[in-house]
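Hi,

Here is the structure I said I would pass on. Have a look at it first, and my notes follow below.

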Amino acid sequence: MPWREKFGRAKLVILGRSKQMQTVASASVSSHAPQRTATYGAQPAFVILPGDTGSSTRVHQLHQLEGKPRISEYSPSPTQSSQSRSNTPFSEREWLCAGTIIDDNKPLPPLPPANADVPCCTLNPCQYNGSRTNLQTGAFANAHHFTIGSAYLNDLPFEEDMAARKERIGRKVLERLATKGMPSAMLESKERTYAPRCNEDTRKTLRTRILKWSRKENDSKRLLWLSGPAGVGKSAVAQTVAEELKDEGCLGAVFFFSRPNDRSDPDVVIPTLVYQLSLLLPEYKDLIISQFEKDPIIFDKNRRTQFQELIVEPFRDLHCLAKLKQTLMIILDGLDECNDREAQLEFVNMITRYIRTERNLRVRWMVCSRPEPDLMRAFLSADCRAICHEEKLEVDDIEAQADALRILQGGFTEIRERYPDQLPEDWPDQSKVRLIACRSSGHLGFVSFIIRFIGDKHYDDPSGQLDVCLRFLDGVKSPEDLNPLHALDLLYTQIFSSVPKNDLPIARRILGTLVLYGSESLTALVHLNFLGLDQTTFYRALQRLHSVLFIPPATKSASNPIQIYHASFSDYLRDSTRSGPFVLDEEAIHFDVAMRGLAWLSYRCRNPSDHREKLAEPSWVPKKLERITVIDSVCNFAFTPCWKACPLVSESSRMVLFNALKTFDFDLQYMRWKDQTREFAHFIRWLTSLGPQYKRFIVIDNFYEGNVNDRWNKGEVAIWHYDRNPQGFVAPFGGSASHSERYSMHLRIRTHNFTSFWLAVSTSYHPYFEY
């Protein structure tokens, strides 16, 4: 085994003598920087390495053999080992004899006198900043009778050098994890400031059971699945349990999925968990740093590899080293809101296999989700049932009914205290409270929305709002005929019914863009400008929807997006059987986003044309912002939604879309969108797959298997596209699409000018644009 792999970083000890004292100096020998290794020539040097037992250390000789460094144990001659210690006083170190076992708790062996058997030679002047200089200070001050070759010497203590390097790499690892992960999905993120949580007495029995399970040391069931319908409070339970575990020091990490708030990407989950665990456990962080040093692209690998190398193996090492003193809980909430169904099942399968194979590791998992069919099959499989404890959030059980009443009582008390001049102390009548609790059927989401609706500050009329709710609830004929979501749907319908008719189309347009194309970059300011709405129209259309939406004030519109309080509202809007006349017109939304996107992207042409009058204009620019800042923000958002929407435009509107594409300049500043290649690549594929009447829009010049680099002319746009099935992706482009890992094609989009592209598709490419 090469000496660098065997010994890694060590202390290179250089022996010498001065007039006043013997000097033993040290320098770092780095396995990662071989160019810094000394050229030793014929002069022996010594390496201090950990000994085989206890705290002892063995001295080895490092010499050259056939031009390559070699390490061997060095045993001094009898003459050397029998010499007595020099009379010259020592400073801090004793003479080190090669081959000697050094006990850290005892003085080092004596220094033999300089003689023919111990190599000593004159110190050569050193190169420093291009000049030859004698060392006057530091560890080598006044030393002579030895030679330093071309070694790189670090005059810092070895421990200090290593600590600084470790801290530097640690910071880099955390920065990479934060970039690859999603901090907004963590427990205490700013985006989750108003996260749902249980009241002190709600879901108390369930929370007690979960906490009790989390503390069991010998329970083989180390996975808990908490399931329940939409809106019943799974996220509130997860949030509250996480906070209680954090107070006990037993929370490892969390990830809160949310489709409406754009926390649905499965690829950010593991980096987010690893980031939190690294902050919590220094020993775990050291293992992640070590893994990063061995494999710097580990954070770019697939989820299964990351799970194995960043979670399974580090916790196995912690267990072997007995470094983990308490059992930790990792929580995934809202797994059904992950935007990839295959990824949902992958997480369940990875966790299941991990628990089954690593039986002694002190980590537990809690997963919360709706009982979707795929997830039910995964959690109820034989392998999973053996290691999984299941809890259900029942809607109409005794505890849920009592909790619903508690939520109502507490909510009405807060409203009474907020409006002491409007409301008497006995408001509302307890019969009305019990009626609402009964109609809720124990659905905590229902009662929470009721309280939010009655106490809405934008109305400032809690008594009138309560009367509206009671009249509405009187229309419910029989609880047996209604499921809990139906009751919630009735409330959503009532809220929508309060929106003025003139504002309703605008409200549906705003919500459609949010539900179908929402992201963190769709702030309220970007939202209204993208749709061409002025500030007054935008906020007036949403005025009656504060019970279901978080709408940032105008002063924070540039940084905060609209947020839907719960995904059940999004589901309601997309299901015509539930929302009736308020259902989103998805075809109209796709067309609207495609056309508005093309208008805004025209700002980003590399060679702007004279048709500036066709450009969209910002409809509202706050006083503290520049116009160009608003335009940049809208254009940054518009790119991906535009190309995603085009293929979804209905046949009846397609000709209008293509008339807009005819005049669109595709020679854009694509580097502004960096790695957002996916939707644009699929847009090109869609153009290619259309019928003959649309074929003239795109011309394919070349199609072949292999890499594009040998044919690509700099200046043309190259699209590096990742796809799991490259052969299937390139099928519409024609050519001999036999099985290959890489495909490349040169094509031109022909509108009012020609724009050339190279499209390269592979399973190994990192998506990005390049000129």
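Let's start with Arg 748, which is partly exposed at 24% relative accessibility (buried is under 20% relative accessible area, exposed is over 50%, and partly exposed is in between, with a 1.4 Å probe and protein chains only). Before going on: this is a predicted model, where local features need pLDDT of at least 70 and side-chain atom pairs count only at pLDDT 80 or more, while totals for chains, interfaces and linings use all residues. Numbering runs from 1 along each chain as its sequence is written, and side-chain values use heavy atoms, leaving out hydrogens and water.

Back to Arg 748: it makes a salt bridge with Asp 701, with 3.0 Å between the closest N and O atoms (that is, a side-chain nitrogen of Lys or Arg within 4 Å of a carboxyl oxygen of Asp or Glu). Asp 701 sits in strand E16 and Arg 748 in strand E18, so the pair ties together parts that are 47 residues apart in sequence. Asp 701 is partly exposed too, at 32%.

By that rule there are 29 salt bridges. Another one joins Glu 248 and Arg 215, at 2.5 Å between the closest N and O atoms. Glu 248 is in helix H5 and Arg 215 in helix H4, so this pair links parts 33 residues apart in sequence. Glu 248 is partly exposed at 37% relative accessibility, and Arg 215 is partly exposed at 45%. Arg 356 and Asp 383 also meet in a salt bridge, at 4.0 Å from N to O. With Arg 356 in helix H9 and Asp 383 in helix H11, the pair ties together parts 27 residues apart in sequence. There is a network as well: salt bridges link Arg 259, Asp 336, Arg 370 and Asp 571.

H5 holds another residue worth a look, Thr 240. At 8% relative accessibility, Thr 240 counts as buried. A polar atom of its side chain lies 2.8 Å from the backbone nitrogen of Cys 198. Leaving aside residues up to four places away in sequence, Thr 240 touches Arg 197, Cys 198 and Arg 207 (contact means heavy atoms within 4.5 Å).

Now the inside. The largest nonpolar core has 117 residues, and those with the most contacts inside it include Phe 412, Leu 549, Trp 643 and Phe 683 (such a core is a set of buried Ala, Val, Leu, Ile, Met, Phe, Trp, Tyr and Cys residues joined through side-chain atoms within 4.5 Å). Helix H23 (residues 627-645) gives the largest share of this core, ten residues. Apart from this core lies another, of 55 residues, with Trp 225, Leu 273, Cys 384 and Cys 388 among them. In soluble globular proteins, nonpolar side chains tend to be buried together.

Leu 549 has Leu 511, Ile 562 and Phe 569 among the residues it touches, and Leu 511 is one of the buried residues of H17. Ten of the 14 residues of H17 are buried, so-called mostly covered.

For the overall picture, the protein chain has 26 helices and 20 strands (DSSP runs numbered from the N terminus: H or I of at least four residues for helices, E of at least two for strands). Of its 771 residues, 49% count as buried. Among contacts between residues at least 6 apart in sequence, 73% join residues at least 24 apart.

Cheers

Key:
A polar contact is a pair of N or O atoms within 3.5 Å; within protein, one must be able to donate a hydrogen and the other to accept it, and residues adjacent in sequence count only if both atoms are side-chain atoms.
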